[in-house]
Amino acid sequence: MTDRLGEYRERLLTGVNEHLDDGESATMAVLVQRRARWALPLGIVAALLVSLVLGEGNALVRGALIGLSIAGVLMYGTTFFTLARTQRGLVFARTSKWSQNRVQEIVERMPVDTPIEHKPGLMTDRLKIEGRSYLMNRQFRTVLQDMIGGNTAGS
């Protein structure tokens, strides 16, 4: 059986490593996202407008178009990052919206002991790093704990 999550993490690591300095390499990585505050309310408004425009009709088609309108607005309002640990510290790398394992650039470097507040949830975990809030899929929870060790608050 294939470990799809393991393969995904390897692609994240490979993408980060392509953007690091010579001699530096990422050993652990998780995907995090930052959503604009306006994204969800605007997504709901878009869904209501689509619903009004479509009126009566095929429920399956209406449902699909309403779902696509919400998803489109949420994707537009979300920025994806890979948070990775290297031997020099933590790095934030921006990734593509449509292919999150495609790393575009390193946007920030932080010391390895940077405090990360971690609040587990049912579907997504909430992280607070240097005053900024992020979401993380719970499938990365174990990797995050290994990555940051005792540098967490609130977990």
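This report describes aromatic contacts and selected residues in a predicted model.

## Basis of the model

Residue numbers start from 1 along each chain as its sequence is written, and side-chain values rest on heavy atoms, with hydrogens and water left out. Because the model is predicted, local features need pLDDT of at least 70 and side-chain atom pairs count only at pLDDT 80 or more, while totals for chains, interfaces and linings use all residues.

## Aromatic pairs

The structure holds 5 aromatic pairs. Rings of Phe, Tyr and Trp (its six-membered ring) pair if their centres lie within 6.5 Å; planes under 30 degrees apart count as stacked, over 60 as edge-to-face and the rest as tilted. Trp38 and Tyr76 form a tilted pair, 6.1 Å centre to centre with 50° between the planes. This pair links distant parts of the chain, 38 residues apart: Trp38 is in the loop between strand S1 (26-35) and helix H2 (39-54), and Tyr76 is in helix H3 (residues 59-76). Helices (H or I, at least four residues) and strands (E, at least two) are DSSP runs, numbered from the N terminus.

Phe81 and Phe92 form an edge-to-face pair, at 5.4 Å centre to centre and 75° between the planes. Phe81 lies in strand S2 (residues 78-86) and Phe92 in strand S3 (residues 89-95), so the pair ties together parts 11 residues apart in sequence. Ring pairs link Phe81, Phe92 and Tyr134 into a cluster.

## Exposure

Buried means under 20% relative accessible area, exposed over 50%, and partly exposed in between (1.4 Å probe, protein chains only). Both Phe81 and Phe92 are buried. Trp38 is partly exposed at 39% relative accessibility, whereas Tyr76 is exposed at 64%.
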